[in-house]
Structures are given as C-alpha cells and as structure tokens.
Amino acid sequence: MQEILPEGHAVLRTVAMPADVNGAGDIFGGWVLSQMDIAAGIVAAERAQGRVATIAIEAMKFIRPVKIGDILCIYGDVERVGTTSVAVRLDAWVVRGSARATEKVTEGVFTFVALDGEGKKRPVDQG
C-alpha cells in the first residue's frame, strides 16, 4: 500500500547501517531519534538565523521499524515560532528494498530555543 507522501521539505537522507541495530535486529529507536533531532535542528537554525538547542520533543510516535539498508528520509517544516523558540514538525519515511517502497516510520514535533553567542536565550525574528 502506497501512503500519501509527506508534507514539508526534504531535510535529511541517510542509510540505516548494521552498526545501528538493537537486540531485535531492527534499527535502534535512539538512532532514528538522533537523526530527527539533527534534521529539526537544521530547520530551526535556518528559521532562527543562528544557534539553537533542543528543549522539547512533543508527540514523538514510532509507527514502523526501520531496517538495515533502509534509506531514512526526513521531511520537516516550521510549525510555530515563539518569542525565543521554534517548533519543527517532522515526518520520517524510509525507502525500502529493491521495490523501493516508501513507508512512514516516525513523526514528531521538536522544539528549540534560540541562543546567542554566550548560550543565552535570544529573541527569534517574527517576520
């Protein structure tokens, strides 16, 4: 069954490797989470026009496992902008096997705070 393709723009693509498996032989959820955090950080830093740090992960949902050799594709967009924060909605999909089937595997909202050069909160341009 082909799912509806994700909304948002492509932010990150990477291949799940054997070194990233858990005891069940699937890709460790923490690896997927870290890839999503990297992708969300790219989107948030672009929107905040500078340094950001993750402060929350909301509504993280693992839908299907990721397998060795899957191409993990992460799509994202800014969901909301606060005074000092940026929230990014992500969908993670895989391209799987020789049939090149696509499946949604994970989704979540990552929130970042904008930081100045000294690591203190700073305002995000609302424009």
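**Exercise 1.** In which helix is Gly-29 found? State also how exposed Gly-29 is.

*Solution.* Start with the ground rules. This is a predicted model, where local features need pLDDT of at least 70, side-chain atom pairs count only at pLDDT 80 or more, and totals for chains, interfaces and linings use all residues. Residues are numbered from 1 along each chain as its sequence is written, and side-chain values use heavy atoms, leaving out hydrogens and water.

Helices are DSSP runs of H or I with at least four residues, and strands are runs of E with at least two, numbered from the N terminus. Gly-29 lies in helix 1, residues 29–48. Next, exposure: buried means under 20% relative accessible area, exposed over 50%, partly exposed in between (1.4 Å probe, protein chains only). Gly-29 has 27% relative accessibility, so Gly-29 counts as partly exposed.

**Exercise 2.** Describe helix 1 and what covers its buried residues.

*Solution.* Take the length first. Helix 1 has 20 residues and spans 28 Å from first C-alpha to last. That is close to the expected 28 Å, which is 1.5 Å times one less than the number of residues. Now look inward. Its buried residues include Trp-31, Val-32 and Met-36. Among the elements covering the buried residues are strand 1, strand 2 (52–62) and strand 3. Just after the helix, Gln-49 has a positive phi of about 55°.

**Exercise 3.** Which residues outside its sequence neighbourhood does Ile-74 contact?

*Solution.* Contact means heavy atoms within 4.5 Å. Set aside neighbours within four places in sequence. The contacts of Ile-74 then include Val-11, Leu-12, Gln-35, Met-36 and Leu-90.
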